[in-house]
Amino acid sequence: MNNPLHTPLCDKLGIEYPVVAFTHCKDVAVAVINAGGFAVLGEALHTPDQIASDIRWIRERIGGKPFGIDLVLPSSVPEEKTVDELLAMIPPQQREFEQQIKRKYDVPAPKIAPDIHHWGGLDQKRALDQLEVIFDERVPVFASGLGSPAFLLKRAHELGMQVWGLVGKPRQARRQIEAGTDVIIAQGFDAAGHTGNIGTFSIVPQVVDAARGTGVPVIAAGGVTTGRHLAAALALGADGVWTGSLWLTSRESDVNMPLKERLLEAETEDTIYSNCISGYTMRTTRCPWHDEWMSDAAPAVLKPPLQMILSSNYIQGSLDYQRKDLMTEAAGQGIHYVKEMKPAPQILSDLVEEALDVFDRFAG
Amino acid sequence: MSSTVSPGEPPFREGFAPALCTVEAECDGGRPIEGTHFAGRQSFTGRLTGHYRDYGPYPWRWYLLASLTRKPEGFAQDAVWCDAASLYLVSDPGRTIEEVLPTE
């Protein structure tokens, strides 16, 4: 039997295992790449200078191996307002409810102002400035975590870069494949953060069907935390898996320790799909903020970005003072299987071994 | 169809494609969320006004979708700018706007 884990994605990237780690931590990315997997570093929040610095830091540590950078390109944008204008738009009822929560749970004030108060939104101009760094550095893989990368394909390909697109609907996959996107990541509802509403087991085969005959590899995302998930994804026709929650509690991860403990304790039911954090529905671990906003006493959740302004002080305060009881983090439904704080290479090795065991079992 | 280049700000070229005016479309949209490293997906249905904006050298084209009949709960605006590749014409969702109604 050929190695079932050696997929076209491995050939396309020159990697040993078809496992992609999506992470915001450079140390995790380097550890996974050097262990035979692939890593994509999320840089959506960073300035062009920070992105350039991170790219060089990674390159110095991986000996010419490929890596990826993920940016969140917008695909719809309302007219922008200043932060002061937005603050003035928060109704007294919701502001008072936020204060009630803080008093009830003794939520500390943040040590520093949350990003939202001095950062503003990511718009087209900012995304373009970030992209210039990606092009200047000729990053081997650029991954678009939201919007279509169709407009930048020509330039990226001329520079020898691969462009990946993360989709939540089959029609987005078809559109991106037709445009020339090199790899499609099919993300299911099980995933962390802001997802589409189609489950991983449903969206992956549909995207695989859309890609059939095109030579475009498909990567399965959403709830992947074990070798059984990896084997199942390959059985669905995917060429690899995209994993995020799996690495949050790794030893290399820069997630603070109480939050790691919270994530290690979390069960699938502790992840909740709610709009009370940002105004957008997103999957995060449940915390008192969720409980209060889901109670009968709660006022209506505000539209984005007002709800994020309300929740940002709570979230930052919980992190600054390491209040595990208050903390929340985006995590997928596969968090149930994340139970130990292991080194990233060990996590990858365990994933691979378990997947191979599955295939051995089926082979007889 | 018209197009103008603004010196300095704003950082886009504006134009108008009359052939797209009142064409019904859906947008699989979304954007980064301030203060987080996440993005929110949002879906819209409405009618194109024909107005567009081109950002950067590629260009990265955006169309204005108005008269919204479907938008996320709490979305206050009556119109939204949509990336061209994320728009689907209701009458022909399998093809891009440029394929169906060439604008240039």
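Two strands pair if DSSP finds at least two bridges between them. Keep that rule at hand for the tour. The model is predicted.

**Stop 1: where the chains pair**

Select Ser76(A) and Cys82(B). Cys82(B), in β6(B), is the bridge partner of Ser76(A). Now widen the selection to the strands. β4 of chain A, residues 76–77, pairs with β6(B) over 2 bridges. The sense is antiparallel.

**Stop 2: the rest of the contact between the chains**

Select the residues of each chain that touch the other. Chain A gives 49 residues and chain B gives 34 residues. On the side of chain B that touches chain A, pick out β3 (24–32), β4 (39–55) and β6 (80–83); each supplies at least two residues. Colour that side of chain B by class. There are 18 nonpolar, 11 polar and 5 charged residues.

**Stop 3: chain B by itself**

Trace chain B from the N terminus: the elements run β-β-β-β-β-β-β-α. Chain B has 104 residues, and 44% of them are buried. Take the contacts in chain B with a separation of 6 or more: 43% of these join residues 24 or more positions apart.

**Stop 4: the barrel of chain A**

Bring chain A back and show its strands. In chain A, 8 strands close into a barrel, in the order β1-β2-β3-β5-β6-β7-β8-β9. The pairing is parallel. From one strand to the next, the twist averages 25°.

Go to β1(A) and β9(A). They run parallel and are joined by 3 bridges. Select Val19(A) to see one residue pair: Val19(A) stands opposite Val241(A) in β9(A).

**Stop 5: helix α2(A)**

Select residues 26–34 of chain A. This is α2, a mostly covered helix with 7 of its 9 residues buried. Which residues of α2(A) are buried? They are Lys26(A), Val28(A), Ala29(A), Val30(A), Ala31(A), Val32(A) and Ile33(A). Show what they pack against: β1, β2 (38–42), α3 (48–62), α12 (245–248) and α16 of chain A. Then step on to Gly36(A), which follows α2(A) and has a positive phi, near 110°.

**Stop 6: helix α11(A)**

Select residues 227–235 of chain A, helix α11. Gly227(A), His229(A), Leu230(A), Ala231(A), Ala233(A) and Leu234(A) are buried there. Display their surroundings. The buried residues of α11(A) pack against β1 (19–23), α10 (200–211), β8 (218–221), β9 (240–243) and α16 (344–363) of chain A. Just after α11(A), check Gly237(A): its phi is positive, about 105°.

**Stop 7: α11(A) against α16(A)**

Two packed helices are described by the angle between their axes and the distance between the axes. Draw both axes here. Those of α11(A) and α16(A) come within 7 Å and cross at roughly 55°. The two helices are therefore oblique to each other. The crossing of α11(A) past α16(A) is right-handed.

Finish with the residues that make this contact. From α11(A), select Gly227(A), Arg228(A), Leu230(A) and Ala231(A). From α16(A), the contact residues include Asp350(A), Leu351(A), Glu354(A), Val358(A) and Phe359(A). By class, the residues of the contact of α11(A) with α16(A) are 7 nonpolar, 1 polar and 5 charged.

Note on methods
Residues are numbered from 1 along each chain as its sequence is written. Chains are lettered from A and ligands numbered from 1 in the order in which they are written. This is a predicted model: local features need pLDDT of at least 70, side-chain atom pairs count only at pLDDT 80 or more; totals for chains, interfaces and linings use all residues. Two residues are in contact if their C-beta atoms, placed from the backbone, lie within 7 Å. Helices (H or I, at least four residues) and strands (E, at least two) are DSSP runs, numbered from the N terminus. Ala, Val, Leu, Ile, Met, Phe, Trp, Tyr, Cys and Pro count as nonpolar, Asp, Glu, Lys and Arg as charged, and the others, Gly among them, as polar. A residue is buried if 20 or more other C-beta atoms lie within 10 Å of its own, exposed if 12 or fewer, and partly exposed in between; C-beta atoms are placed from the backbone. Axes are lines fitted to C-alpha atoms, for helices over the stretch in contact, and angles run from 0 to 180 degrees between N-to-C directions. Angles under 35 degrees count as roughly parallel, over 145 as roughly antiparallel, 65 to 115 as roughly perpendicular and the rest as oblique. A crossing is left-handed if the near helix is turned anticlockwise from the far one by less than a right angle, and right-handed if clockwise.
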